[in-house]
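Let's take a walk through this model together. Have a look at the chain first, and then we'll go through it piece by piece.

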Amino acid sequence: MRAMFLIALLLAGSAGAQDREKQYLEGAGMGYARAAELNHFPGPMHVLELADQLKLTAEQRAATQALMDAHKAQARALGAEVVAAERELEHLFRSGKLDEAVLARVARTAAAVEGEYRLSHLETHRRMRDLLTADQVKRYDELRGYASGKAHRHKH
């Protein structure tokens, strides 16, 4: 019974890692822009989903789509770097041949790439707000459930 539990736990961890890799490779938000989202800096994906309710102009729609497309390309490229860095870290431990200096270099590289991934998401939210009016940002917050003062924790 205990062995089956351990096997299930390992498989769940492996599946979770695969899901996370997939999200990075897709450029998914994964909560990296939560600080922006919850503080009146909308994300382009949700702005496009709410375009009619926000009464976006044709120019705003086009600019938002362009921002989204550019961001997705960048996030996917950075996501691939995150996955590669994490695989290198895992490979190091699998090999059993690592010293403090090598471990520090690889871990810092992985952290730096992940930081760039997050920055990409945050910067996209910053740019998105510049494309909207104050009333549209306020309406976005209302539609996303953030205006009540009890911001709901939507996955992004």
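**Rings, helices and cores**

Start with the rings: the structure holds 3 aromatic pairs. Here, rings of Phe, Tyr and Trp (its six-membered ring) pair if their centres lie within 6.5 Å, and planes under 30 degrees apart count as stacked, over 60 as edge-to-face and the rest as tilted. Take Tyr24 and Tyr32: their ring centres are 6.3 Å apart and their planes sit at 45°, so this pair is tilted. Tyr32 also pairs with Tyr117, with centres 5.4 Å apart and planes at 75°, so that one is edge-to-face. Tyr32 lies in the loop between helix 1 and helix 2 while Tyr117 is in helix 6, so the pair ties together parts that are 85 residues apart in sequence. Tyr24, Tyr32 and Tyr117 form one aromatic cluster.

A word on what you're looking at. This is a predicted model, in which local features need pLDDT of at least 70 and side-chain atom pairs count only at pLDDT 80 or more, while totals for chains, interfaces and linings use all residues. Residues are numbered from 1 along each chain as its sequence is written, and side-chain values use heavy atoms, with hydrogens and water left out.

Now step back to the whole chain. Its secondary structure comes to 7 helices and 0 strands (DSSP runs numbered from the N terminus, H or I with at least four residues for helices, E with at least two for strands). Of the 156 residues, 33% are buried, where buried means under 20% relative accessible area, exposed over 50% and partly exposed in between, with a 1.4 Å probe and protein chains only.

At 1.5 Å a residue, its 31 residues (100-130) should span 45 Å, and the end C-alpha atoms are 45 Å apart, which agrees; the expected span is 1.5 Å times one less than the number of residues. Among its buried residues are Val106, Tyr117, Ser120 and Met128.

Leaving out residues up to four places away in sequence, Ser120 touches His71, Gln74, Ala75 and Leu78, contact meaning heavy atoms within 4.5 Å.

Leu78 sits in helix 5 (residues 58-95). Counted in the same way, Leu78 touches Val113, Glu116, Tyr117 and Ser120.

What about the nonpolar cores? Such a core is a set of buried Ala, Val, Leu, Ile, Met, Phe, Trp, Tyr and Cys residues joined through side-chain atoms within 4.5 Å. The largest one has 12 residues, including Leu38, Leu56, Met128 and Tyr146. Helix 4 (51-54) and helix 7 (134-144) are the elements that give two or more residues to this core. A second, separate core of 8 residues includes Tyr24, Leu78, Val82 and Tyr117.
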